[in-house]
Amino acid sequence: MSMTTEATINELAAQKYKYGFTTDIEMEEFPKGLSTDIVRLISAKKGEPEWLLEWRLKAYAAWLKMEEPEWARIHHPPIDYDALYYYAAPAKAMPKSLDEVDPELLKTYEKLGIPLNERAALAGVAVDAVFDSVSVATTFRETLGKAGVIFCPISEAVREHPELVRKYLGSVVPAGDNYFAALNSAVFSDGSFVFIPKGVRCPMELSTYFRINARNTGQFERTLIIAEEGASVSYLEGCTAPMRDENQLHAAVVELVALDEAKIKYSTVQNWYPGDADGKGGIYNFVTKRGACRGRNSKISWTQVETGSAITWKYPSCILQGEGSVGEFYSVALTNNRQQADTGTKMIHIGKNTSSTIISKGISAGHSNNTYRGLVKIMPGASGARNFTQCDSLLIGDQCGAHTVPYIENRNASAKVEHEATTSKIAEDQLFYCRSRGLSEEDAVGLIVNGFCKDVLKELPMEFAVEAQKLLAVSLEGSVG
Amino acid sequence: MLEIKNLHARIGDAEILKGVTLTIPDGEIHAIMGPNGAGKSTLSYVLSGRDGYEVTEGEVLFNGENILEMEPEDRAAAGMFLAFQYPVELPGVGNANFLRTSLNAIRRKRGEEELDAVAFLKLARGAVKQLAMKEDFLKRNVNVGFSGGEKKRNEMLQMAILKPHLAILDETDSGLDIDALKIVAEGVNTLRDEKFSALVITHYQRLLDYIVPDMVHVLAGGKIVRSGPASLAQELEASGYAGLEAA
Ligand SMILES: Nc1ncnc2c1ncn2[C@@H]1O[C@H](COP(=O)(O)OP(=O)(O)O)[C@@H](O)[C@H]1O
Ligand SMILES: [Mg+2]
């Protein structure tokens, strides 16, 4: 890169995080640190049944015996789990209707571009807004209810639909699955619950917007989506957090279940605060996302655009059990400054004629490190299974790193696994070509990066694709080069 | 008006342009011919502001303004356009999107109103038709998988839409068949008016049958070694460049 390019990239990287404000609101917090008492307190606060408390306590006991995983290409000072708050929620009781939601909160979401007022809302999108540890509002519940769709905070689902929650919770990601999933299982406070009954196409996009506000508070949300036979749903999550100097922990679990012929499309635009240019602050994002294609010809599709967080550790996966089931993973991971991302997917082929597609686009700028880590596993029974993997890395500047770690385990001779990988830089001639056509250097980089990500962005619902494009450009600010 | 005065430029340690002096008044088209490696492309890059070229002496004025200090995008906004000898591929970037982004960036810089999608498409479709290209041209990614001829036509499409005051065509005719050549020439000729000027770099006199230049210059060894009227091109075609470098 030329000197000017380098300089522009650096300016771009220094650009301000737009969602870094804090909300001043009275909060209820439990004491710092983690213990069985805290787990009991969370469970009691939510008025949970005994079985769920037991489940949490078991997870907590398992977690105590586990070690933080060390295999990912990420580095951070040890996390002091006793210095965190595990529950923080706006002090006022959960409102019964949108009219009762604290105006400060409504303002917060408005500022984030997520109006919760149904009249002002994005057409055709129902939103569950999770603020720190609780859901503060869910829109369009009536409209959805008429279609038989359940979309509510998971804490409410535990009370209103205990049989469904009990049947499916932990059935895809068991409580003791891994260190962070165990922690989440012990202390999860809220998240979204979606149930699409047999044969129903969800009439609107569903969306959850996660906002971390409180200081020193971990966010541990839990999402559970079930699509019964022939049902389909498209779900989107977005997330932001204030700019704070200390790191904050986010350890979520998402479980998806697709029965026969069901389709779940799960899209994420992750924009947690990434820390400043020197790597100070930012969210530690340790997330377990997994979908089970239990039924015949079921399909689960993950699309993620990851631009935020100081550290991203995340591998949305598919267990392809049903015959002819399909798993997809489309990912854009962009790191800048000192960000670290270790992300990818696991496609576990169990059923016959299962197929999976992995398209991963990693963009590294500044001093960041970006790793794709993926596993394609074909079990002996998965005759006729197919996988196609494409991993492309784009480097901006020469201080950053891109790594591709694909694991393939094929135990069925009739399976076909294809893997392609490329690494490239934004070429000087591409930038000059764009600039000679009047584009500024930042706009040129934005255009080229968006072009690089096109195969993934086109998988996003339209409204969000535009948002994601802008986000990519903004996230690169200060990085051009 | 473009005024190049005693321009010296180097790439790394190698001096490529060794004192180029050339004036193109508004409304005129000048051709530059010369052997491979003479510095023709280098001149076009220096004029449009590519990084990596160091100007060690001389100046370039465009409408009286010193452009050597300007960023490439500002030169584009000032009305300069370079049709690349080797147009660049932009994977995943749609041609229409690129054109519109480019046009609006320039309009913004000039304080003009941006074109909305509908108005732009109308403009682009018209230009595509005029250049005898298929409409799916707009949907394809910029230059990706284009044939050599398609790439050159795409440069002409951009020129038609951006409507520059000064167009520099760097061997746009190379590799084109006669029909494509005529289309390129027509693209330039339709822009011709008392304000428009062009610097047409070519190896072959052939193009100059269709774009009749006001002047022909020969660039060899980093200098203009001969200048003359359009007929100079025919003369060169017959005799070649041999001996000119020494002149
Ligand atoms: N990037 C570069 N680095 C070093 N030398 C170069 C570079 N580009 C061009 N040159 C040299 O500069 C001279 C002029 O090249 P160029 O301007 O492309 O000539 P032309 O377009 O007239 O064929 C040639 O000797 C060529 O080898
Ligand atoms: Mg050349």
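## Helix α5 of chain B

Take helix α5 of chain B first (residues 148-162): at 1.5 Å a residue its 15 residues should span 21 Å, and the end C-alpha atoms sit 22 Å apart, which agrees. The expected span here is 1.5 Å times one less than the number of residues. Helices (H or I, at least four residues) and strands (E, at least two) are DSSP runs, numbered from the N terminus.

Most of α5(B) is covered, with 11 of its 15 residues buried; buried means under 20% relative accessible area, exposed over 50%, and partly exposed in between (1.4 Å probe, protein chains only). Among the buried ones are Gly149(B), Met156(B), Leu157(B) and Ile161(B). The cover includes α9 (428-435) of chain A, along with β6, α3, α4 (117-130), β7 (166-170) and α6 (178-191) of chain B, with contact meaning heavy atoms within 4.5 Å.

## About the model

This is a predicted model, where local features need pLDDT of at least 70, side-chain atom pairs count only at pLDDT 80 or more, and totals for chains, interfaces and linings use all residues. Residues are numbered from 1 along each chain as its sequence is written, chains are lettered from A and ligands numbered from 1 in the order written, and side-chain values use heavy atoms, leaving out hydrogens and water.

## The magnesium ion

Ligand 2, a magnesium ion, has Ser41(B) (OG) and Gln85(B) (OE1) as its protein donors, 2.1 to 2.2 Å away. Donors are N, O and S atoms within 2.8 Å of the metal (3.2 Å for Na, K and Ca); water is not among the atoms, so sites may look incomplete.

Ser41(B) counts as buried at 19% relative accessibility, and so does Gln85(B) at 14%.

In chain B, four strands make an open antiparallel sheet in the order β2-β1-β4-β5; strands pair if DSSP finds at least two bridges between them. β2 (14-24) and β5 (65-66) are at the edges with a single partner each, so one side of each has no neighbour in the sheet. Seven bridges join β1(B) to β4(B), and Ala9(B) has Val55(B) as its bridge partner.

Over in helix α7 of chain B (residues 231-239), Leu232(B), Ala233(B) and Leu236(B) are buried. Their cover includes β3 (29-33), β9 (215-220) and β10 (223-228) of chain B.
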